[in-house]
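Have a look at the sequence and the fold below, and then follow the topics in turn.

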Amino acid sequence: MNRKLKTLLLPALAAAVMLATLAGAPVPGVHASPAATNLTGAGATFPYPLYSKWFDMYHQATGIEINYQSIGSGGGIQQLKNGTVDFGASDAPLTDAKLKEMPRRVFHYPTVAGAVVLAYNLPSLKEPLHLTSDVVAGIYMGKITTWNDKRIAAVNPGIELPAAPILPVHRSDGSGTTYVFTDYLTKVSPEWASTAGKGTAVNWPVGIGGKGNEGVTGLVKQTPNTIGYVELVYAVQNKLPVCAVRNRSGRFVEASLDSITAAAASAASNMPADFRVSITDAAAADAYPIASFTWLLVPTRIKDAEKGRAMKDFLAWMLVDGQKLAPALQYAPLPEAVIGLERQALDRITVGAT
């Protein structure tokens, strides 16, 4: 190319490059790096401490950013239904009726198992508090109203209980944690089952509400004579004492990795194909009775191929590397049998428009 022609063409080429860049069109000979694929999710506060860690570490490893709103299982289910997120998260498996309301078919992927504990604020009490299922139900039905009630004293011999009114704390928002707790109460108390029942939200006979596990934890921590149900890690991080609860075998068991694992293992040998299973009030002798799996709710068809591959890759990572991070945050890793079934279930996610 002669010098005169180059002088004439260079300004025109520069202008073309600028116009193409402003328009977002590809420029010949210039290869831009592809934008990172981002995923959005919303739902359960129960596993949020772990999910927050997972999503951060996965972003560092892959560049894929997963934006998650910890708004409660009910909110996550609604956002998935509305199509405003790529996946939901819930501690309550969807009912058949709820599944039919979804615009796309949704599948449940268990992530870890955790425990709902009864945290309390009794400054004068130095020994761990023991509760039975009938006492727990009685407190939340408003039939056991003082801490020195004879039914509480009977299972806490030798402990001086205060003659103070009990203030039960519950969730004010739609919550998978509430579902787990009321699922347990429904199994152990016929009266509870026939009145309040189970669900992500119920009509509480007594008590005050807090938003999220964070809200319930805060109320219990700040208010003497309270008791509230929260996910184990929230109680641990806030240094709140928790009750040992009598299980189906008659043993008083505190929530721990071992007792949660014992509850999860009880379901592993008879896991349904869709992974919707309850492990509250498990029969295992060492099981903590208010334990549950928590699930990611993922559409079985993801039209955006990049998002679909990113979702499947994350789920595969979660089943291996993610499980290793669970114990440090008081969650029990999935039983190996369940992990094997989930690996096979990844094939149920179809990626792309066809």
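In this model, strand S4 (residues 106-120) and strand S11 run antiparallel and are joined by 9 bridges. Within that pairing, His108 has Leu297 of S11 as its bridge partner. This is a predicted model, in which local features need pLDDT of at least 70, side-chain atom pairs count only at pLDDT 80 or more, and totals for chains, interfaces and linings use all residues. Residues are numbered from 1 along each chain as its sequence is written, and side-chain values use heavy atoms, with hydrogens and water left out.

**The sheets**

- Helices (H or I, at least four residues) and strands (E, at least two) are DSSP runs, numbered from the N terminus, and two strands pair if DSSP finds at least two bridges between them.
- S4 and S11 belong to an open sheet of 8 strands with mixed pairing, in the order S2-S1-S3-S11-S4-S8-S6-S7.
- At the edges of this sheet are strand S2 (65-70) and strand S7 (208-210), each of which pairs on one side only.
- From one strand to the next, the twist averages 25°.
- S5 runs parallel to strand S9 (residues 244-246), with 2 bridges between them; Leu131 has Val245 in S9 as its bridge partner.

**Helix packing**

- Axes are lines fitted to C-alpha atoms, for helices over the stretch in contact, and angles run from 0 to 180 degrees between N-to-C directions; contact means heavy atoms within 4.5 Å.
- Helix H3 (residues 73-82) lies across strand S1 (38-43), S2, strand S3 (87-90), S4 and S11, and runs at about 155° to S3.
- H12 packs with helix H13 (residues 336-345) at an angle of about 145°, and their axes are 10 Å apart.
- On the H12 side the contact involves Met318, Leu319, Val320 and Gln323, which meet Ile339, Glu342 and Arg343 in H13.
- This contact has 4 nonpolar, 1 polar and 2 charged residues, where Ala, Val, Leu, Ile, Met, Phe, Trp, Tyr, Cys and Pro count as nonpolar, Asp, Glu, Lys and Arg as charged, and the others, Gly among them, as polar.

**Pockets and the cavity**

- On a 1 Å grid over the protein atoms alone, a cavity is a set of points where a 1.4 Å probe fits but cannot get out, while a pocket is an open set with protein on both sides within 12 Å along at least five of seven lines; lining residues have an atom within 4 Å of a point.
- Grid points are joined across faces, edges and corners, and a volume is the space filled by probe spheres set on the points.
- The largest pocket has a volume of about 270 Å³, and Gly74, Ile77, Leu94, Lys98 and Thr200 are the closest to its centre of the 14 residues that line it.
- H3 and helix H4 (96-101) each give two or more residues to this lining, with H3 providing the largest share, 4 residues.
- The lining of the largest pocket divides into 6 nonpolar, 5 polar and 3 charged residues.
- The second largest pocket, about 150 Å³ in volume, has 5 nonpolar, no polar and 6 charged residues in its lining.
- Strand S12 (301-302) and helix H12 (305-325) each supply at least two residues of that lining, whose members include Arg104, Asp304 and Met311.
- The structure holds 1 cavity of 30 Å³ or more, and the largest cavity has a volume of about 50 Å³.
- Helix H7 (176-188) and strand S11 (291-299) each contribute at least two residues to the lining of the largest cavity; Tyr179, Asp183 and Trp295 are among the lining residues.

**Salt bridges**

- The whole structure has 13 salt bridges, each a side-chain nitrogen of Lys or Arg within 4 Å of a carboxyl oxygen of Asp or Glu.
- One of them joins the side chains of Glu191 and Lys143 (2.3 Å, N to O).
- Glu191 is in helix H8 (residues 190-194) and Lys143 is in the loop between helix H5 (133-140) and helix H6 (150-154), so placed that the pair links distant parts of the chain, 48 residues apart.
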